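Have the sequence and the 3D view open as you read.

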Amino acid sequence: MLSFLKKFIPRLFISVILREKKNSLRTATYLNGKFTNIVEKSFEDPHRLFAYIKNSQKKYFYYYTSLFLNSEEQWLVPSLDSNEFENFITTKVSVKSIVLNNARLYTATEHIEHFTELFEDNGGLDFLFSPLALLYYCIQKENLERDKISLCVYKNSNNLALIACKGQEILIGEFKLFEKDIGLELDGFESQNEEIINETTEEQVEQEDELENFNENFGEEFKDKLDLSNQEQKAEFDEFSNFSDDMEFCNYIISSIEKFYKDTRYAGDFIDKLLIFTNEDITQSALEFLENEILLTPQVKSLNTLDLMIELMQKELRI
């Protein structure tokens with residue numbers, strides 16, 4: 001009876017990405033087999049994000065929260081034997097692991113503990129999703145040929161996950177963080193957590209949302225005229241910056257392919273397909289450069305990381 005009634009009780013799904021100066025979340029209400037009331041927001045201040053989460057959770061009896069794991073210490077080892085970890089990874093660190101098909105995904109224990117504690121006073125953390133796990137979830141949904149080798153890449157901002165697989169069998173897996181992200185340093189967030197979140201009241205969050213809506217509806221035309229010149233300069237700078245980031249991303253793929261071909265375990269094997277899942281656009285010139293270097297045409301598939309996390313949460317909860 002209880003399981004039957006649960007179908008008629010709304011549930012809140014929350015996915016979160018913490019990054020320096022841009023903390024994002026997506027909330028969605030699940031009811032009668034459908035997602036509704038989908039909201040996506042970004043906050044420069046992480047305290048405002050947590051205040052928004054707490055305010056949202058109070059409206060629901062059931063809620064689930066997932067976090068994107070953008071910490072550097074995570075590895076994918078193509079073996080189910082946990083003793084094989086040291087043969088692939090030389091770092092001496094306490095780790096925990098989960099199984100992905102024929103491989104184990106390892107994460108530093110300190111990261112899991114850190115983020116679990118961070119969410120303790122903010123409704124708790126139900127899922128911690130590694131980019132490698134998200135990539136393999138995307139791979140599972142693809143109809144990859146069993147006898148062909150695919151190089152699958154997942155790009156989210158400055159995070160890159162890479163898996164070479166034969167069908168769905170994992171051959172190699174790597175994670176790369178191109179620049180320092182929020183990681184374990186939150187500028188003293190832990191010590192100020194409860195105090196600042198209490199200061200950022202529900203009323204303040206609601207007032208700020210109302211002000212944001214007001215600014216969107218009034219005065220934008222005048223403001224746009226004043227800022228037009230600055231926006232054009234910023235657009236040129238952003239375009240150059242994006243191209244530079246994309247080239248770094250492409251060069252890493254090229255070096256990974258070269259490393260794969262030098263790996264004696266896969267001597268004579270050839271990569272047949274390059275599949276790129278990305279949360280943002282990749283410049284066409286960077287893709288053309290990549291194709292010319294590796295003689296493979298990249299297949300690019302766009303996705304929303306926050307939405308992907310909610311989808312995987314639902315799958316894991318079997319709702």
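## Reading burial

A residue is called buried when its relative accessible area is under 20%, exposed when that value is over 50%, and partly exposed in between. Lys259, with a relative accessible area of 48%, is therefore partly exposed. Please keep in mind that this is a predicted model.

How many salt bridges does the structure hold? There are seven. Let us begin with Lys259, whose side chain meets that of Glu174 in a salt bridge, with 2.7 Å from N to O. The two partners come from distant parts of the chain, 85 residues apart: Glu174 sits in strand E11 (residues 169–177) and Lys259 in helix H8 (residues 220–262). Is Glu174 buried or exposed? Its relative accessible area is 14%, so Glu174 is buried, whereas Lys259 is partly exposed.

Glu142 and Lys301 form another salt bridge, and their closest N and O atoms are 2.8 Å apart. Lys301 has a relative accessibility of 32%, so it counts as partly exposed.

## A pair close in sequence, and a network

Arg265 is joined to Asp263 by a salt bridge, with 2.7 Å between the closest N and O atoms. Asp263 is buried because its relative accessible area is 18%, while Arg265, at 43% relative accessibility, counts as partly exposed.

Elsewhere, Arg26, Glu40 and Asp307 belong to one network, joined by salt bridges that share partners.

## A negative patch

Which residues form the negative surface patch? They are Glu110, Glu113, Glu117, Glu120 and Asp121. Take Glu113 as an example: you will find it in helix H4 (residues 109–118). With a relative accessible area of 45%, Glu113 is partly exposed.

Now look at helix H9 (residues 284–294), where Phe289 has its place. Phe289 has a relative accessibility of 26%, so it counts as partly exposed.

What does Phe289 touch, leaving aside residues up to four places away in sequence? Its contacts are Met247, Cys250, Asn251 and Ile254. One of these, Asn251, is 38 residues from Phe289 along the chain, and their C-alpha atoms are separated by 9.5 Å.

Methods. Residues are numbered from 1 along each chain as its sequence is written. This is a predicted model: local features need pLDDT of at least 70, side-chain atom pairs count only at pLDDT 80 or more; totals for chains, interfaces and linings use all residues. Side-chain values use heavy atoms; hydrogens and water are left out. Patches are made of residues with over 30% relative accessible area and no salt bridge: like charges are joined within 9 Å, nonpolar side chains (Val, Leu, Ile, Met, Phe, Trp, Tyr) within 5 Å. Accessible areas come from the Shrake-Rupley method with a 1.4 Å probe; for residues, only the protein chains shown count as cover. A salt bridge is a side-chain nitrogen of Lys or Arg within 4 Å of a carboxyl oxygen of Asp or Glu. Lys and Arg count as positive and Asp and Glu as negative; His and the chain ends are not counted. The place of a charge is taken as NZ of Lys, CZ of Arg, CG of Asp or CD of Glu. Helices (H or I, at least four residues) and strands (E, at least two) are DSSP runs, numbered from the N terminus. Buried means under 20% relative accessible area, exposed over 50%, partly exposed in between (1.4 Å probe, protein chains only). Contact means heavy atoms within 4.5 Å.
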